[in-house]
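Reader: I have a structure open and would like to go through some of its side chains. Can we start with the charged ones?

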Amino acid sequence: QVQLVESGGGAVQAGGSLRLKCVSSTKTNNMGCMGWFRQAPGKEREGVAYIAEIGQVNYGDSANGRFTVSRDNSKNTLYLQMDTLKPEDSAMYYCAAAPKMRWARCGGAARESEFDYWGQGTEVTVSA
């Protein structure tokens, strides 16, 4: 059973940075499309960033040039560097993996149901 474990969340002031990490129990070079999603209280979960196994990246509108997704297959780890954080970035952040997803679909057009594995989430709180 594949396990994804996120870490790196916390409380920061607006304008600050955080680096989220998602460690996979299996080799990430076999995990196809991996992504970061977030869900704020009372809101639907949204896709933040995606990275295909070939390295192609796509971002949701919320990333807006402030977030950077990367993966280190040698460490079986997915990262999300978040800079210039805003209070509206406060949410639970989840990583997910879709091993069967082709790289061309790895982005906002993909449905959440296409991601087979999900982590438990790490909470980010940004104060004004």
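Reader: Are Asp89 and Arg38 buried or exposed?

Author: This is a predicted model, and in it both Asp89 and Arg38 are buried. For Arg38 the relative accessible area is 7%, and the cut-off for buried is under 20%.

Reader: What do the side chains of Asp89 and Arg38 form?

Author: They meet in a salt bridge, at 2.9 Å from N to O. This pair links distant parts of the chain, as Asp89 is in the loop between S8 and S9 while Arg38 is in strand S4, 51 residues apart.

Reader: Why would they pair up in general?

Author: Side chains of opposite charge can pair when their charged atoms come close.

Reader: OK, and which salt bridge does Arg38 form with a Glu?

Author: Arg38 also forms one with Glu46, where the closest N and O atoms are 2.7 Å apart. Glu46 has 32% relative accessibility, so it counts as partly exposed.

Reader: How many salt bridges are there in the structure?

Author: Five. Another one joins the side chains of Arg105 and Glu114, at 2.8 Å from N to O. Arg105 is partly exposed at 32% relative accessibility, and Glu114 is partly exposed too, with a relative accessible area of 21%.

Reader: Which residues are joined into one network by shared partners?

Author: Arg38, Glu46, Arg66 and Asp89.

Reader: Switching to rings. How many aromatic pairs are there?

Author: The count is five. One of them is Phe37 with Phe115, an edge-to-face pair with 5.1 Å between centres and 80° between the planes.

Reader: Where do Phe37 and Phe115 lie?

Author: Phe37 lies in strand S4, and Phe115 in the loop between strand S9 and strand S10, so the pair ties together parts that are 78 residues apart in sequence. Phe37 and Phe115 are buried.

Reader: What about Tyr50 and Phe115?

Author: Those two form a tilted pair, 6.3 Å centre to centre, with 40° between the planes. Tyr50 is in strand S5, 65 residues from Phe115. Phe37, Tyr50, Phe115 and Trp118 form one aromatic cluster.

Reader: Which residue lies over the face of Trp118?

Author: Arg45, at 4.0 Å from the ring centre. In a separate case, the charged end of Arg19 sits over the ring of Tyr79, 4.0 Å from its centre.

Reader: Last one, Thr77. Where is it found?

Author: Thr77 is in strand S8, and at 3% relative accessibility it counts as buried. Its side chain reaches the backbone oxygen of Lys75 at 2.8 Å. Thr77 also touches residues including Cys22, Thr28 and Asp72.

Terms used:
Residues are numbered from 1 along each chain as its sequence is written. This is a predicted model: local features need pLDDT of at least 70, side-chain atom pairs count only at pLDDT 80 or more; totals for chains, interfaces and linings use all residues. Side-chain values use heavy atoms; hydrogens and water are left out. Rings of Phe, Tyr and Trp (its six-membered ring) pair if their centres lie within 6.5 Å; planes under 30 degrees apart count as stacked, over 60 as edge-to-face and the rest as tilted. Helices (H or I, at least four residues) and strands (E, at least two) are DSSP runs, numbered from the N terminus. Buried means under 20% relative accessible area, exposed over 50%, partly exposed in between (1.4 Å probe, protein chains only). A charge sits over a ring if NZ of Lys or CZ of Arg is within 6 Å of the ring centre and within 35 degrees of the ring normal. A polar contact is a pair of N or O atoms within 3.5 Å; within protein, one must be able to donate a hydrogen and the other to accept it, and residues adjacent in sequence count only if both atoms are side-chain atoms. Contact means heavy atoms within 4.5 Å. A salt bridge is a side-chain nitrogen of Lys or Arg within 4 Å of a carboxyl oxygen of Asp or Glu. Lists of a residue's contacts leave out its neighbours within four places in sequence.
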